[in-house]
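Please open the model in a viewer and keep the selection panel at hand.

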Amino acid sequence: MICERVRVADNVFFILGGATDTIGVAAFPAIITFHVATRFRLSPDFGATVLAIEVRLEDSAGHNILPIPFTPSIEFPAFPPGASEPERSVNLPLFIGGARITKPGTYALVVQHDKNELGRTFLTVVSDDE
């Protein structure tokens, strides 16, 4: 979920500004920033693990337009012995900053692990006068 601000405390999201799918800019090119609320789920088969992900903001040609590689890691704690949950989740707030947008359009926010896509959402960037 793309939002204005997001924080996590005790694995609970606190979202400011609600969800959005559109950002308006005064002129192009523009540098944009936003937050993303992400939830990752694993089955108990994984045990305790650290998952390295890659976050990309892709233009219509599929090129990553983030200024530097963004590769956060997610730490999944082990399930407690005897736990009956079918899966476990970790909520991770992401800050996306410094993306240079050269023209209006729809951009894809893509999260990958080992080049396998885990999730995708879309962000439309428009001129403020539209």
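**The whole chain**

The chain contains 10 strands and 0 helices; both are DSSP runs numbered from the N terminus, with helices (H or I) needing at least four residues and strands (E) at least two. Read along the sequence, the pattern is β-β-β-β-β-β-β-β-β-β. The model is predicted: local features need pLDDT of at least 70, side-chain atom pairs count only at pLDDT 80 or more, and totals for chains, interfaces and linings use all residues. Residues are numbered from 1 along each chain as its sequence is written, and side-chain values use heavy atoms, with hydrogens and water left out.

Display the C-alpha trace first. Its atoms fill a box of roughly 55 × 30 × 20 Å along the principal axes. Of the 130 residues in the chain, 35% are buried; buried means under 20% relative accessible area, exposed over 50%, and partly exposed in between, with a 1.4 Å probe and protein chains only. The accessible surface comes to about 7700 Å², and 53% of this surface belongs to carbon and sulfur atoms. Such areas come from the Shrake-Rupley method with a 1.4 Å probe, and for residues only the protein chains shown count as cover. Among contacts (heavy atoms within 4.5 Å) with a separation of 6 or more, 66% are between residues 24 or more positions apart.

**The antiparallel sheet**

Select β1, β2, β4 and β8. These 4 strands form an open sheet in the order β2-β1-β4-β8, with antiparallel pairing; two strands pair if DSSP finds at least two bridges between them. At the edges are β2 (12-20) and β8 (88-101), each of which pairs on one side only. From one strand to the next, the twist averages 25°, where axes are lines fitted to C-alpha atoms (for helices over the stretch in contact) and angles run from 0 to 180 degrees between N-to-C directions.

Within this sheet, colour residues 2-9 and 30-42. These are β1 and β4, which run antiparallel and are joined by 2 bridges. On this pair, C3 stands opposite H35 in β4.

Next, centre the view on T38, also in strand β4. Is T38 buried or exposed? T38 counts as buried because its relative accessible area is 10%. Its side chain reaches the backbone oxygen of L92 at 2.6 Å. This is a polar contact, defined as a pair of N or O atoms within 3.5 Å; within protein, one must be able to donate a hydrogen and the other to accept it, and residues adjacent in sequence count only if both atoms are side-chain atoms. Leaving aside neighbours within four places in sequence, T38 is in contact with F13, V90, N91, L92 and L94.

Move on to P44, in the loop between β4 and β5 (49-52). P44 is partly exposed, with a relative accessible area of 37%. Not counting residues up to four places away in sequence, P44 touches F79, E85, P86 and E87.

**The mixed sheet**

Select β3, β6, β9 and β10. These 4 strands form an open sheet in the order β3-β10-β9-β6, and the pairing is mixed. Because β3 (22-25) and β6 each have a single partner strand, one side of each is left without a neighbour in the sheet. The twist here averages 25° from one strand to the next.

Inside the sheet, 9 bridges join β9 (residues 105-113) to β10, and the two run antiparallel. T106 stands opposite T124 in β10.

**The charged network**

Finally, show the charged side chains. The structure holds 5 salt bridges, each a side-chain nitrogen of Lys or Arg within 4 Å of a carboxyl oxygen of Asp or Glu. Begin with R56: this residue forms a salt bridge with E54, the closest N and O atoms being 3.6 Å apart, and R56 and E54 are both buried. R56 also meets E58 in a salt bridge at 2.9 Å, N to O.

From E58, continue to R120, its salt-bridge partner at 3.8 Å between the closest N and O atoms. This pair links distant parts of the chain, with R120 in β10 (residues 116-127) and E58 in β6 (residues 54-58), 62 residues apart. R120 is partly exposed at 38% relative accessible area, whereas E58 counts as buried at 10%. Salt bridges that share partners join E54, R56, E58, K115, E117 and R120 into one network.
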